[in-house]
Amino acid sequence: MRNNERPYCSPQHVQSFVNDTWMERYAAPVDASTSMLIWSFVVSVFSLGAWAGAVHSGSLPVTYGRKKALLFNNVVAVVAALLMVFCRMARSFEMILLARFLYGYNVGLGLSVHLMYLGECAPKKRRGFLTLTGSIFIAAGKVTGQIIGLRELLGSDSAWPYLLASSGVPAVVQFVSLLFFPESPRYLYIDKGDTEASKTALHWLWQEDDLKQEEDDMRSERESVQGEKAKTVLDVLRSRCVRWQLLALAIPCAGVQFCGNNALYFYAFDIFREAGVAEDKMHYLSIGIGATEFVTISLCSLVIERAGRKKLMGYGYLLMGVTMSVLIVTLSVKDLYPWIPYVNISLIFTVICIYGLGPSGVSMALPADLFLQAWRPSAYVCSGTINWVGLFLIGMLFPYIVGAIGQFCFLIFVAYCIFSSAFMLYFVPETKGKSMIEIAEAFNQLNYKHKHTENNNNNNSLNLFSAFLDTQRRLQ
């Protein structure tokens, strides 16, 4: 099938552009090894940019505020979109590489600061729902990209630069709309000490007159940090007082890349082929997978404040592990009966449904609950680093693992899902409906568990000694 006959935008459009540009420059076609190297850079540079953005998510929102960091981030996305639009006119595939890096930076910085901003602006009763919108828009972006990437829209050989530049549109919309939004009230009150500006921002955001409870909560949090400056990443990694929060952030939340969801997207096309799906129809099935994820994440937003983070993520990981175990078995016996490949397709959709209802949504909502103001930016740096390095490793290593052990590669993800489920259900406290101080106190029971035990033992010993002295006085 030639490029212009494909039903959706293919990597071959970009590879063909690279080859044509190379031919113009050097009067010779690019050799296979160089072409593979350039394409590898095009793919991997996004994760590198995202990691760089995640690193800066610890300093930019602290120095300039959450709102200004988001405004700057949208400018980065617009610059990347312009590079994509004009790359063919300039006959430069290097512009694609730079644009991909900037897109990655935009995602890495924007995702962390977006969740930080929403978590600090939202009432505690709606914090889970509002922070979960990050997952909703990620899923919506996947579906939108798959749809406009169809050949009938922007997936043709002549329109692919506009497809790759389409991410600049929501960046412009967010930039303009953010101009009318206030800075985070918690940033203004706790970090800057501007009480009046914080109250004004709260009134604008909540549209309520009675804000005493939220003001008291911010005052308590400010008193708890006692004027301490924002913590560094090293502080987060070394401090005992946030040890279990960091584990909860790293294992079930940031480590969501290792649950197998992205790997399923990669492996799905092989399963579609085994079921007899035509090559030109596979993209429509992938749109179905993306739409399923979007719908289930939207449903998660409706139940997260009722069911709670702990149950949704814990049981979600457990069900994902069980379903992928069944998928491994059915993939192993796919040749026994002609209907088994269709069962495999249904199992893929089942895993995506469970992922959307639990781990995907909660992994966005839970981190906003875990850390107090001074620790939050650096904690998001840790989260973003784990997330994007994990995605990079999955993208680089998964094809080789599949080639070596086939469907049994999913055993790795099954093990991770079961472990994360056990960790979430047995160790992580529920955070729904709680203030930041209440959540910190709940985690302190884990962070200082042995100290509490020693104190209780000492208190018991003192009580026994006092009782002994009282008995002696009565006998005398």
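Visitor: What is Met320 in contact with, leaving aside its neighbours within four places in sequence?

Guide: Met320 is in contact with Cys259, Val351, Ile354, Tyr355, Pro359 and Cys417, where contact means heavy atoms within 4.5 Å. This is a predicted model, in which local features need pLDDT of at least 70, side-chain atom pairs count only at pLDDT 80 or more, and totals for chains, interfaces and linings use all residues. Residues are numbered from 1 along each chain as its sequence is written, and side-chain values use heavy atoms, with hydrogens and water left out.

Visitor: Why is Cys300 called buried?

Guide: Its relative accessibility is 0%; buried means under 20% relative accessible area, exposed over 50%, and partly exposed in between (1.4 Å probe, protein chains only). Cys300 therefore counts as buried.

Visitor: Why does Cys353 count as partly exposed?

Guide: Cys353 has 28% relative accessibility, and therefore counts as partly exposed.

Visitor: How many disulfides does the structure hold?

Guide: The structure holds zero disulfides, a disulfide being a pair of cysteine sulfur atoms within 2.5 Å.

Visitor: What makes a set of residues a nonpolar core?

Guide: Such a core consists of buried Ala, Val, Leu, Ile, Met, Phe, Trp, Tyr and Cys residues joined through side-chain atoms within 4.5 Å. The largest has 67 residues, and Met320 is among those with the most contacts inside it. Helix 17 (residues 340-365) gives the most to this core, with ten residues. Apart from it lies another core of 40 residues, including Phe17 and Tyr105.

Visitor: Why is Val55 called partly exposed?

Guide: Val55 counts as partly exposed because its relative accessibility is 35%.

Technical notes: Helices (H or I, at least four residues) and strands (E, at least two) are DSSP runs, numbered from the N terminus.
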